[in-house]
Amino acid sequence: MMIVGIVALCVVLALLAFLVPRLSHHPQRGTQRTLGAGARAGGKAPGFLGRVLSKPFRSSSKAAGRSGSAGRRARGRMPF
């Protein structure tokens, strides 16, 4: 269920970045901040378990950043 939520969030960020690039930075930063907090909380577990628990949040944060920047980059390449 979490995977579906992250995918939906990335799609919404990409569309928002494509349609209104200037207004998309704040939601993207908020998403990355929230996911970063989850990664930090998971990373507090000892040893291997900490790395395993924080990895989904780190990769989701990177995906959110990539989708937002991809939407803005696609908007910049439009011919009109």
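This is a predicted model: local features need pLDDT of at least 70, side-chain atom pairs count only at pLDDT 80 or more; totals for chains, interfaces and linings use all residues.
The bend at a residue is the angle between axes fitted to the seven residues ending there and the seven starting there.

View 1. The C-alpha trace spans about 55 × 20 × 15 Å along its principal axes, and of the 80 residues of the chain 29% count as buried. The chain exposes about 5,700 Å², of which carbon and sulfur atoms supply 69%.

**View 2. Helix α3 and its bend at Lys55.** Helix α3 is built from 30 residues and reaches 43 Å from its first C-alpha to its last, which is close to the 44 Å expected at 1.5 Å a residue. At Lys55 the helix α3 bends by about 35°, and a proline, Pro56, follows within four residues.

**View 3. The buried residues of α3 and the helices they meet.** Among the residues of α3 that count as buried are Gly50, Ser54, Ser60, Ala64, Gly65 and Arg72. The buried residues of this helix pack against both α1 (2-19) and α2 (25-43).

**View 4. Ser61 within α3.** Ser61 has its place in helix α3, which covers residues 47-76. Because its relative accessible area is 15%, and buried means under 20%, Ser61 counts as buried. When residues up to four places away in sequence are not counted, Ser61 touches Gln32 and Leu35.

Terms used:
Residues are numbered from 1 along each chain as its sequence is written. Side-chain values use heavy atoms; hydrogens and water are left out. Buried means under 20% relative accessible area, exposed over 50%, partly exposed in between (1.4 Å probe, protein chains only). Accessible areas come from the Shrake-Rupley method with a 1.4 Å probe; for residues, only the protein chains shown count as cover. Helices (H or I, at least four residues) and strands (E, at least two) are DSSP runs, numbered from the N terminus. Contact means heavy atoms within 4.5 Å. The expected span of a helix is 1.5 Å times one less than its number of residues.
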